Amino acid sequence: MNKLKSLILAVTAILTGSTAWAYDGSCLWLSGGDNDNQAVITVPKSKSPTVAIAAEELNKAWHGEPLRLEIKRDKNLGNEGFRVYRDKKGLVLSANNDLGLLYGSYALLRDNAAGKAIALREEIPAYNVRVLNHWDNLDGTIERGYAGHSIWNWNELPDVVSPRYREYARANASVGINGVVLNNVNASSKILSAEYLAKVAKIADVFRPYGIKVYLSANFAAPMQLGGLKTADPLVPEVAAWWKAKADEIYKLIPDFGGFLVKANSEGQPGPCDFDRTHAEGANMMARALKPHGGIVMWRAFVYSPADADRAKQAYIEFQPLDGKFDDNVIVQIKNGPIDFQPREPYSPLFGAMPQTDQMVEFQVTQEYLGHSNHIAYLAPMWTEFFDYVSPSSLKAIAGVANVGNDTNWTGHPMAQANWYAFGRLAWNPQLSSEEIIDEWMPMTLNYPENTPKEVTDGLKKMMLNSREAVVDYMMPLGLHHLFAFGHHYGPEPWCDIKGGRPDWMPPYYHRADSAGLGFNRSSSGSNAVAQYPAQLAKKLDNINTCPEEFILWFHHVPWDFKMKSGATLWQELCNRYQSGVESVETMQRQWTAAKPYIDPELWNDVNERLMTQARDANWWKEGCLLYFQQFSGMPIPDNVTPPVHTLDQLKGIKLGISNYECPTPELLNSKR
Ligand code: BDP
């Protein structure tokens, strides 16, 4: 919808008292259905619900030439692929089945919306399982969710089925997501009760025509908690029988149920190790219950314990020896990095280290460690960086921890919708670049008029593309990690060292600052985590002079006066990076301001306010980290870096973090510059 059109709609709406036009972000990147240029759409006769959706979507928004949808056998296309071609009678979208036609329709509409010529092509998704993980609890809260409460209304279900479930399914299908784990990995067994399964079945019914399968997070101790058994030992026949009966019960209600996601023996969750069994024994027992129905187990490798020396090594130590021991319907689900969704981590060395085992990557779409829904952090650059190291073809599937809640605009920050979108697009095609994805998403979502000056749209693009690097710079540059305030993972607390707390939950465990330098020595003279990487890479990482600087403090304890590639000492470079992070946010603010005349005012104001918060927080991070580390470096803050206006004690006094940091005024900052 262009600007003129929105204006006309706005005026009409005011005159008629209708408010349907108003921007509220609920439509995401999708068309609200304002098609005034309908072309002829021909669909296959057997009009299944899926084909009906495809036709509905095309009728709503297709601006192109007449189009024929056809089911045609084509062995290249598999279950979900599609082909766009021309024959004598015109443009054709063909697929082996209805779902391929739906995906093809969304692809054509994307071309349309981006004003692109229709590309004749064949597309098949890179993975069969492209799944969002909801960390939604049954009481409606969301662990690490920043967009309101859960969209699943368990109290109303199964009697009341919210229309939002359909809208959610539509959004997912439009970007190629084909599976949803409904509940938190810290799972309540209750989700597997008959009462809840009836509710789950209703959601599955809504999802089905959109090609989306429902999965559930399963608590390993469910046979005890729900079934009243004395044990959940995977080798005890009654336990296996309980899971088998449970699987049979589920498939009676949900014939296309996807399977289970399991967090076992991690952060207090039960698991097979409680009974001296391995992860493989636990996973296989559950997988065998699902196997006759075609279901899978996604078994998480997110394990670590306070007893061991280096948390970054632990998943590898525990899982690598199990290579080849998992059944063929188990996929080991591994977070992209070895610690925990930090703004930048090297890839987890488990990838590629288990050639006989199916693996999948888990990305975090919700911004637990990247400014929640207050900061712009477009994450496609982080995920494509992962694919620079880990070949997409070495993976079996892909998962993303959802950033969706019941806020009207779904994701809290309007720009965080881009991360949901980008996750789906990369799950379908991991070869896409961050730029290609933003080129699709931006015009569809921000709805600026076609004649918006190029320097403005280029500015917006840069704002998005540089945003993740900005977060890295103002939070944790050069490979620093886990400097977060305890618990909420929002503000800086590099000093946090709660007496009696788990050391591996405290920032000093990770940054190791002392008078000699900064960083965790994971080289061969330290924890030797480098040795878990393939030999050539390990060698490069092991040497402080060849280790990429973005990871230098991840792998090395670097002397404060170490000469960085820029010629600056480590201390100077650290100061420069924090300063640069703060300045990047100021640039983002300018880019957003330049777009003001072209963006819906509600949307513009919302993002503008959040950018002010982001600018405040960037400064807070910079001040907190530099003042704290300065105690160890004993070096002055260089002249080119704006000196902090708070004292370390003032910053330490911010207990709740999120709201009571008083941002220095721009005048004060400028006077210091
Ligand atoms: C951490 C989160 C925690 C999750 C855990 C997980 O802080 O809330 O339960 O990961 O992935 O990032 O299991």
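Which residues of α4 are buried? The structure examined here is a predicted model, in which local features require pLDDT of at least 70 and side-chain atom pairs count only at pLDDT 80 or more, whereas totals for chains, interfaces and linings use all residues. Residues are numbered from 1 along each chain as its sequence is written.

Helix α4 spans residues 163-175; helices (H or I, at least four residues) and strands (E, at least two) are DSSP runs, numbered from the N terminus. The 13 residues of α4 reach 19 Å from the first C-alpha to the last, close to the 18 Å expected at 1.5 Å a residue, the expected span being 1.5 Å times one less than the number of residues. The buried residues of α4 are Y168, A169, A171, N172, A173, S174 and V175. A residue is termed buried if 20 or more other C-beta atoms lie within 10 Å of its own, exposed if 12 or fewer, and partly exposed in between, with C-beta atoms placed from the backbone. The cover over the buried residues of α4 includes α3 (98-113), β6 (129-133), β7 (179-181), α5 (194-207) and α11 (417-428). Just after α4, a positive phi of about 95° is found at G176.

Helix α5 contains F207, which counts as buried because it has 24 C-beta neighbours inside 10 Å. Leaving aside neighbours within four places in sequence, F207 is in contact with A169, V180, I212 and V214, contact denoting C-beta atoms, placed from the backbone, within 7 Å. F207 and G179 are 28 residues apart in sequence, and their C-alpha atoms are 9.1 Å apart in space.

V214 also figures in the largest nonpolar core, which has 200 residues; V214, M286 and V297 touch the most other members. Such a core is a set of buried Ala, Val, Leu, Ile, Met, Phe, Trp, Tyr and Cys residues joined through C-beta atoms within 7 Å. Helix α18 (residues 601-633) supplies the largest share of this core, 11 residues. Not counting residues up to four places away in sequence, V214 touches V180, L182, V200, I203, A204, F207, I254, F257 and G258.

Strand β8 (residues 213-217) pairs in the parallel sense with β9 (residues 259-262) over 3 bridges, where pairing requires at least two bridges found by DSSP between the two strands. The bridge partner of L216 in β9 is F260. Strand β9 in turn runs parallel to β10 (residues 296-300), to which 4 bridges join it, and L261 stands opposite M298 in β10. From β9 the chain crosses through helix α8 (residues 279-290) to β10 in a right-handed β-α-β crossover; with the strands pointing away from the viewer, the path from the first strand over the helix to the second then runs clockwise.

A further set of 5 strands forms an open sheet of mixed pairing, in the order β1-β2-β4-β3-β5. Its edge strands, β1 (41-42) and β5 (121-123), each pair on one side only. Strands β2 (residues 67-71) and β4 (residues 90-95) run parallel and are joined by 5 bridges; L67 has L91 as its bridge partner in β4, and E70 stands opposite S94. Strand β3 (residues 82-87) runs antiparallel to β4, again over 5 bridges, with Y85 opposite V92. The two strands β3 and β4 form a hairpin with 2 residues between them.

How values were computed:
Contact = placed C-beta atoms within 7 Å.
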